[in-house]
Amino acid sequence: AAMASGTSSTPNYYVESKFYFRNHSGYSAPAVLARIDSTNSNWIEARVDETSNQVQLRKNVGGTNSIVSSYELPTAPSSGNALWVKLEVSGTTVRVYVKLPGDADYTLRMSNTISDAALQSSGRAGLYFSFATGNAGWVVSEINGVSNGASGPTPTPTPSSLSVNITSPISNSTFEYGTTVNITADAADSNGNLTQVTYFAGTQ
């Protein structure tokens, strides 16, 4: 499932999220997204991948998702661990910052050039969550975002204006293969720019 929020008036901003690890009995891959064009299935994402134990910078162009670069987490997560991931887009430069458990602040882990024309337009920020059979290990705890209209250094964080909460299915839900799963969410933007909540199945 994926949700998008905010307006698409600027291509340069960052979005960050706190990911919390519950257990390891399935597969999960939550991500923060930037420059979302849901009509054409285009976006940039920073994903926490449970199977590879990596934070991955990925791009989705026309429905095709690929890894741009990755950062290997230093240790396997255990129940109760939490980490922050920040995705920053500025022109063709994309940076991913990670704040590990116990760290006081972010560390830059990936800095890459993404020059695909489809990913240079203004687009909304959002959240993506994928999980398979069993209980998801990584879940989204918090999500924050701030607009930054001009290219330049990482902006100083400001109080959160975006909140997204998946209300159904509840944590630890399991489903038989082929079961229809209805997903609902609460989303709010304190600056009044919330215009749409969009869900995706895979890249659709």
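Contact here means heavy atoms within 4.5 Å. In the predicted model, 61% of the contacts in the protein with a separation of 6 or more are accounted for by residues 24 or more positions apart. The protein contains 13 strands and zero helices, and from the N terminus on its elements run β-β-β-β-β-β-β-β-β-β-β-β-β. Of the 204 residues in the protein, 44% are buried. The accessible surface comes to about 9400 Å², and carbon and sulfur atoms contribute 48% of this surface.

Strand β2, formed by residues 13-21, is mostly covered, with seven of its nine residues buried. Its pairing with strand β7 (residues 82-90) is antiparallel and extends over eight bridges. Within this arrangement, Lys18 has Trp84 of β7 as its bridge partner.

Asn12 is placed in the loop between β1 (2-5) and β2. Despite this loop position, Asn12 counts as buried because its relative accessibility is 7%, below the 20% limit applied to buried residues. Two polar contacts of the Asn12 side chain can be described. One, of 3.3 Å, joins it to the side chain of Arg35. In the other, a polar atom of the Asn12 side chain lies 2.8 Å from the backbone nitrogen of Gly91.

Thr93 belongs to strand β8, which covers residues 93-99. Although Thr93 and Asn12 are 81 residues apart along the chain, their C-alpha atoms are separated by 9.7 Å. Thr93 has a relative accessibility of 24% and therefore counts as partly exposed, a class that lies between the limits of 20% and 50%. When neighbours within four places in sequence are left aside, Thr93 is in contact with Glu88, Ser111 and Asn112.

A pair of aromatic rings is described by the distance of the centres and the angle of the planes. Tyr97 and Tyr106 are both buried. Tyr97 also takes part in an arrangement with Lys86, which lies over the face of the Tyr97 ring at 5.0 Å from the ring centre. The charged end of Lys86 sits over the ring of Tyr14 as well, at 4.7 Å from the centre of that ring.

Glu45 is located in strand β4, which comprises residues 42-49. Its relative accessible area is 0%, and Glu45 is therefore buried. The side chain of Glu45 is joined to that of Asn65 by a polar contact of 3.0 Å. Asn65 is also among the residues that Glu45 touches when those up to four places away in sequence are not counted. The remainder of this set consists of Ala31, Val32, Leu33, Gln56, Leu57, Arg58 and Leu87. Glu45 and Asn12 thus both count as buried, at a relative accessible area of 0% for Glu45 and a relative accessibility of 7% for Asn12. Each also has a side-chain polar contact, with Asn65 in the case of Glu45 and with Arg35 in the case of Asn12.

Terms used
Residues numbered from 1 in each chain as written. Predicted model: local features only at pLDDT ≥ 70, side-chain atom pairs only at ≥ 80, totals over all residues. Heavy atoms only, no water. Buried < 20%, exposed > 50% of the residue type's maximum accessible area, 1.4 Å probe, protein only. Helix = DSSP H or I, 4+ residues; strand = E, 2+ residues; numbered from the N terminus. Pairing = 2+ DSSP bridges. Polar contact = N/O pair within 3.5 Å; in protein donor to acceptor, adjacent residues only side chain to side chain. Areas by Shrake-Rupley, 256 points an atom, 1.4 Å probe, with all protein chains shown as cover. Lys NZ or Arg CZ within 6 Å of the ring centre and 35° of its normal.
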